[in-house]
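Thanks for coming. I will go through one model today, a piece at a time, and I will give the cut-offs as the terms come up.

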Amino acid sequence: MYEFHYRNNELWCEDISLSEVAEKFGTPLYVYSKRSIIDHCREIEKVFGEVDHLSCYSIKANSNLNILKIIAAEGIGADAGSIGELHLALKAGFSPDKITFSGVGKRDDEIEFALQNDINLFIVESEEELYIINTIAAKLVKIARIQIRINFDISASTHPYISTGERHNKFGIEQMYAEEIFQKALQLKNIEVLGIHTHIGSQITDPETFIESAKAVVDLIKVLRNKNIQVHELNFGGGFGVQYHDFVKHELLPTDEEHVDSKLTTVKLLEAALPVLKASNTKIFIQPGRSIIAHTGVLLTKVLYRKTTSEKTFIIVDAGMNDLIRPSLYKSYHQISPITIKNSEYEIVDVVGPLCESGDYFALNRSLNYSERGDHLSIFCTGAYGYVLASNYNGRLKPAEVMVDGDKYFLIRDRQSFKDIE
Ligand SMILES: Cc1ncc(COP(=O)(O)O)c(C=O)c1O
């Protein structure tokens, strides 16, 4: 399940030493564990037992084709947010009847592409979108199956940029218009209305939030059924938070006392909501992204320089915010530790990248084992929203990606070269 671990003082992924991988392919470098990806998929599936359901991996979290193929082979579905992700899902081998299409601003050509490829369903986010899908489906002589995303005005207590279920957010249709929109959709000839969708945000760590959200959807289903509106499917979205602190342990690493063993697991969050969801007597959909892929990847980087000022010690590394933007964008925490632990001499440092912004950092005022030029560091839990958010800002080439499978490893995406930025 968790495949990054220290053997003596060396960091390994499955049966491969990460020093070896970093030396071979250079840094910055994303490295993933195939075994961990499979285990994460299976762990989520196990929670459902016999419950009629479809888990659709949220491709936006990590869309590397090799990773998608591993997930598709597990037999689960995929949720796409663009034509590019639809294309990748199909190419990876997800069965079209297990592909859903989310997103607040689907273009006409994207809707057409989805219909032509007979994907399972669209998640509709506005009345206007509903009519456009109907029109395009009529033109193609198709029936578009849909779930309607409802905004229940529930706060996800997460970073505002990844909170999506409040009234002021652009997502979904306000709960007070739910009945009206269902009635309108039911009149449309080329639309088949299957259910309700909700997704209130990402990296949600409180089970109570999921329970509140589950209750809101189930209550609405009751209201709709009382009005003779059939709801067969309940899509609960994603957002299951993962543990970022103290992910990897070693006696010579500093611990993060405040967060030690937060005992946060996707299973617990899902288990909290599932009894409520089951009461709806619907087919249950979820769209997990981060909870499948975050723990399965690391970003390896090399120390370029140490720099000490009257205020701070900076560890300047060769990865930057263009490779992993989560700390800069969301002030996210990622554990960082040396690939080879040489000492337990801790110092308080800022781990920063080479870009031209003060926001280009991975850790501020962090206790880290003494590191110097040439040392490799691992930035943990970067499988989700890592590479997918990478850019060429500052003319930097995007990093390579490597998959570890037991005692083998191979490139699953080349490092970019000059021609990619020309
Ligand atoms: C509609 C939808 N479903 C699922 C997800 C996946 O969320 P997470 O990666 O937190 O599971 C997202 C991402 O925010 C989303 O927008």
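Leaving out residues up to four places away in sequence, Phe113 touches Ile83 and Leu86; touching, or contact, is called when the C-beta atoms of two residues, placed from the backbone, lie within 7 Å. Before going on, two remarks on the source. This is a predicted model, in which local features need pLDDT of at least 70 and side-chain atom pairs count only at pLDDT 80 or more, while totals for chains, interfaces and linings use all residues. Residues are numbered from 1 along each chain as its sequence is written.

Phe113 lies in helix H5, residues 108-116. Helices (H or I, at least four residues) and strands (E, at least two) are DSSP runs, numbered from the N terminus. Is Phe113 buried, exposed or in between? Phe113 counts as partly exposed because 17 other C-beta atoms lie within 10 Å. The cut-offs are 20 or more other C-beta atoms within 10 Å for buried, 12 or fewer for exposed, and partly exposed in between, with the C-beta atoms placed from the backbone.

The buried residues in H5 include Glu110, Ile111, Ala114 and Leu115. Looking down the axis of H5, the buried residues fall within an arc of 135°, so they line one face of the helix; the arc is that of the directions from the helix axis to the C-beta atoms. An α-helix has 3.6 residues a turn, so residues three or four places apart point the same way. Turned away from the buried side of H5 are the exposed residues Asp108, Asp109 and Gln116. Packed against the buried residues of H5 are helix H4 (83-92), strand S7 (99-101), strand S8 (121-124), helix H6 (127-139) and S9. Just after H5, Asp118 takes a positive phi of about 50°.

**Helix H8**

Next is H8, residues 207-226, with 20 residues. At 1.5 Å a residue H8 should span 28 Å, and its end C-alpha atoms are 29 Å apart, which agrees; the expected span is 1.5 Å times one less than the number of residues.

Which residues of H8 are buried? They are Thr209, Phe210, Ser213, Ala214, Val217, Leu220 and Ile221. Those buried residues fall within an arc of 130° seen down the axis of H8, so they line one face of the helix. Exposed on the other side of H8 are Glu208, Lys222 and Asn226. The cover over the buried residues of H8 includes strand S9 (144-151), helix H7 (178-187), strand S11 (191-197), strand S12 (233-235) and helix H9 (266-278).

Leu224 is also in helix H8, and it counts as partly exposed because it has 17 C-beta neighbours inside 10 Å. Leaving aside neighbours within four places in sequence, Leu224 is in contact with Glu179, Phe182, Ile229 and Val231. Leu224 and Phe182 are 42 residues apart along the chain, and their C-alpha atoms are separated by 8.6 Å. After H8 comes Asn228, with a positive phi near 70°.

**Some backbone details**

The peptide bond from Thr27 to Pro28 is cis, with omega near -5°. Pro28 sits in the loop between helix H1 (18-25) and strand S4 (29-33).

Asp153 is not a glycine, yet its phi is positive, about 55°. Asp153 is in the loop between S9 and strand S10 (173-174). Lys331, again not a glycine, has a positive phi of about 55°, and it lies in the loop between H11 and strand S16 (336-338). Lys331 counts as exposed because it has 11 C-beta neighbours inside 10 Å.

**The two domains**

The domain assignment gives domain 1 (4-13 + 19-29 + 295-421) and domain 2 (34-291); such bounds come from an automatic or database domain assignment. The centres of the two domains, taken over C-alpha atoms, are separated by 31 Å. How many residues of domain 1 are in contact with domain 2? There are 30, and they meet 25 residues of domain 2. Strand S1 (4-7), helix H11 (326-330), strand S18 (361-369), strand S20 (400-405) and strand S21 (408-413) each give two or more residues to the side of domain 1 that touches domain 2. The largest share of that side, 4 residues, comes from S20.

That is the end of the talk.
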